[in-house]
Amino acid sequence: MRRFTAAILAGAMAGFPGYSLPAVAQQAGPDGTFTLKVQSDIVLTNVVVRDKKTGAIVKGLTANDFTVLENGKPQKIASFDYQDVNEAVALHEKTTVSGKSSIADLVNREFAADPTQLKDHRLIVMFFDLSSMQPEDVDRAVEAAQDYINKKMQPADLVAVVSMDTSLSMDQDFTSDKAALLRTVGRYNGTEGTGFANGNEGGNSGGTSDDASSFTADDSEYNALNTDRELYAIRTIAKSLERVDQRKSLLYFSGGLTRQGVENQASMRAATNAAVRANMAIYSVDSRGLQALPPVGDASKGSLRGTTAYSGGAMQSQLDSNFGSQEVLGTLSSDTGGKAFFDSNDFAPAFQQIQNDTEAYYIVGFRSTNTTHDGSYRKLTIKVNRNDIKLDYRPGYYAAADFQHQKSEDRELALTEQMRSDLPATDVAVYLQALYFRMDDNRFFIPVSLIVPGSQIPFLKNGDSDKASIDIMGQVKNAQGIIVGNVRDTVKLALNSSQQVTRKNIQYSTGFTLAPGRYHLKFVIRENQTGRMGSFETDLQVPDLKKIPLKLSSIVLASQQTPDTKKSTNPLVRDGVAWIPNVAHVFRQDQHLYFLYEVYDPTRQKNEGSAPKASPGLTRRPSGAIKVLTSIEFLSGGVKVYETPLVSADAINVPERQAVAFQFDVPLTQLKPGTYICQINVIDDAGGSFSFPRLALRVEPPAAAPRQTAVSTPIEQSR
C-alpha cells in the first residue's frame, strides 16, 4: 500500500539563441482595421571553420557555401554573419555598452542593452561566486582578474562582472574601461565567503567534525537541499544574454560546487541547456588553487569524531569531497563547450583559453520546416562545399512545446515524454526529500515528499473557492535501469480565499518499498492551467544495515501532524497521527519541532529477559535486555545552546520492525531566530556502538501569515 497526501504548508518561498515560440498578435488601428503580427521560429548556431592541416581559421565563406540539415532534411539559411575579433572597432577606453547595473536589468534581459555595439568583440562575463569562496580564495580570483585586466585584456575584449553572495548582482555591464573593471573586482577583495556545505541527512556515524559548516544561510529556504542557487544564477545570466547572437564566455570563479544528499540533477542540466541556448561557454576556475589535504584535516575544520582519522576513512572522505566539488564544475564546462581549470594557483591559462576559443566564427540561422512544437530533440548537420576544412558546431537543439492546443492523450504523452527526456523541465520549481525506514531485513520503506510553491500554481476563481489541479508522475529505476516503482496522480485543489495559497506551499507525499541498493528517482509535476512543468531527479541509495553496528533510520523533522486513523504500515503514521516532513528544515518560533527516528536490532545483554516473537521476514533476535540512550543538541556557532533531556529505552516498542522508535517535541520559543546545527546523539549502551548524525535547520521569527492548512487525498496504488 502506498499513501498519498496533498498538503498546503505555510512558508515563504522565495530556447536556443533566437529560437522562440510563434506569437500571433492583433492590434486595432484608429480606423478600426487590425494589424496581424506573426513571429516565426529561427534557430541560430555557431560554426568554427578551420583548415584541416594548419588549424587556421578559414575566412571569406558565404551562406551559399553552407548546407544545413535538421534530422536529415535540408533547411533554408535565413541569416548569416561572421564574427572576427581582429576586425573589432576599438571602443573608447571609457566606453560602457549600456551602463546598466542592477539585478532587475539582468532579469529583464537588459544586460548589454545595445547588442549592435558588441559585434566583432570578445564577450567575457566574469562571475565571482562569493558564497562558495573563503577569503583567501577571493584574493586569488581577484588578483588573477586584475592581472588579466592590466596586462592581457585586448582592444576586442568587452568584459562584464557579476557576483553572488546573499543575492545575484550585476556589478558591471560589458565595458572596455579598465579602471571601472579594476574598481569593480577590487571590491570583492577580502569579502568573507561562507563556503559551507550541506549537513548529513542522518544515519552516518563517522568522521564528523565539530563545527557549524553544515548549512549555507540563504534567502531561499530550500538552499539546504542542493546547489540550485548557483545553478539558477548561471541560468539567469544565460537567459539575460540569449538575444545577443555572439558567443559568450562565462569565467566562473568558484570554491567548488558540492552536491550532497538529495540533489536535483534536473537543475544541473537546465543550467547547462540554458547556457547552450544562449551560446555561452562556461570556463570554470577552482579558486582554491593547488590544495594540500592533510590526513587528519587542517585548522579550518573542527576536530574529528570517531575512528576515521586512524583508519584512512577521513582522508578518503576529504578526497571524495574535493573530487565531488570539482566534478560539477567540470561537467558545466565540458557540456557547454568550455574548459575547467583545477589544482593550479595560476589562473592566467583560463583567460588565454577564452581568447583563443573566440577568435573567429560564423553564425548561421534558419527557420525550421518542422513547425511542430513537440519538445523533441532535433539533430543538426552542417556541411561546407570544401573537403580541406573541418567544422565545429553544436550537434542539435530541443524544439519548443505548446500546451494550449493539446488533447488529453497528447498531454499525457507530453508528461510521459518529459519523464523519459534528459532535458529537465524547470518552469515550475520542485523540491524533494527522500527518507528511509527498515521494514524487515531486506526491505525498506522510502517516504518521498515533494514541495511546489503555491505561487507557482495559477488558480481559477469558482464561486467562493479557487480551484486548480496538478499532474504528478514519478518513477524509480534500479541500478540496471529497470523500473521498480511508478506514481501517476492528479491532485485537485480547492481553497477558499482565507487560505492565501500564494503564501503557502503544496506538499505531496508518497512512498516506495525497495530493497537495499542504488536507484534513480525522477518526478515530473505539471500545473494544468498553462501546462508549465517542473522536474526533480536524483540518485537514491537505500543502505544495507546488516553490517552497521548501530542501525539507524532517517531523521524526520516535522512541524505539522495530521490525524490518520486508518491502519497503515507507513512508519510516518504513529498512534493515529501522520507526520508531514518539513522538507526545507525551516521553522517558526511559534511552532513545535517534532523529531522521529528508529533504531533497529539494538544489542541485547545475554541471559536477560526473553526474545520477542519474530515477525515474518525478520530474523529471530537473541534474548536479553537492551539499553539505548538518546538526546538532541542544538549548536549555534559551534556552541551548544540547548539539549533535550537524555531518554533511555530498555524495550522494543515497534515489534513488527524490531525497532525502538523515538519521538521528541521541542517548542521553539526557547530558541532565538537563526541557523542551528542539530546533532542527534544515539548510543547503544549494551553493544558499545553509537551514531551522531547532524542536520541543519533554521528558526525564523513568528510569521503573521495564517497557520498551515492540510488537504488530504488518500489513494491506494498497486505495486
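This is a predicted model: local features need pLDDT of at least 70, side-chain atom pairs count only at pLDDT 80 or more; totals for chains, interfaces and linings use all residues.

Q: How are two packed helices described?

A: Two packed helices are described by the angle between their axes together with the distance between those axes. Here helix α2, residues 135-152, packs with helix α3, residues 178-186, at an angle of about 175°, and their axes are 10 Å apart. Angles over 145 degrees count as roughly antiparallel, and therefore α2 and α3 are roughly antiparallel to each other.

Q: Which residues of α2 and α3 make the contact?

A: On the side of α2 they are Val142, Ala145, Gln146, Ile149 and Asn150, and on the side of α3 they are Lys178, Leu181, Leu182, Val185 and Gly186. Sorted by class, this contact of α2 with α3 has six nonpolar residues, three polar residues and one charged residue.

Q: Turning to strands, in what order do the four strands of the open sheet stand?

A: The order is β7-β14-β4-β16, and the pairing in this open sheet is antiparallel. The edges are taken by β7 (77-84) and β16 (389-392), each of which has a single partner strand, so one side of each is left without a neighbour in the sheet. Neighbouring strands of this sheet are turned by 30° against each other on average, with direction ignored.

Q: How many bridges join β7 and β14?

A: β7 and β14 pair over seven bridges, in the antiparallel sense. To find one such place in the picture, look at Ile77, whose bridge partner in β14 is Phe366.

Q: Is Ser368 buried or exposed?

A: A residue counts as buried under 20% relative accessible area, and because Ser368 has a relative accessibility of 12%, Ser368 counts as buried. You will find Ser368 in the loop between β14 (360-366) and β15 (377-384).

Q: What does the side chain of Ser368 reach?

A: The side chain of Ser368 reaches the backbone nitrogen of Asn370 at 3.1 Å, and a polar contact of 3.4 Å joins the side chains of Ser368 and Arg378.

Q: Where is Gly517, and what is Gly517 in contact with beyond its neighbours within four places in sequence?

A: Gly517 lies in strand β25, which covers residues 517-527. Leaving aside those neighbours within four places in sequence, Gly517 is in contact with Leu540, Gln541 and Val542.

Key. Residues are numbered from 1 along each chain as its sequence is written. Side-chain values use heavy atoms; hydrogens and water are left out. Helices (H or I, at least four residues) and strands (E, at least two) are DSSP runs, numbered from the N terminus. Buried means under 20% relative accessible area, exposed over 50%, partly exposed in between (1.4 Å probe, protein chains only). A polar contact is a pair of N or O atoms within 3.5 Å; within protein, one must be able to donate a hydrogen and the other to accept it, and residues adjacent in sequence count only if both atoms are side-chain atoms. Two strands pair if DSSP finds at least two bridges between them. Axes are lines fitted to C-alpha atoms, for helices over the stretch in contact, and angles run from 0 to 180 degrees between N-to-C directions. Angles under 35 degrees count as roughly parallel, over 145 as roughly antiparallel, 65 to 115 as roughly perpendicular and the rest as oblique. Contact means heavy atoms within 4.5 Å. Ala, Val, Leu, Ile, Met, Phe, Trp, Tyr, Cys and Pro count as nonpolar, Asp, Glu, Lys and Arg as charged, and the others, Gly among them, as polar.
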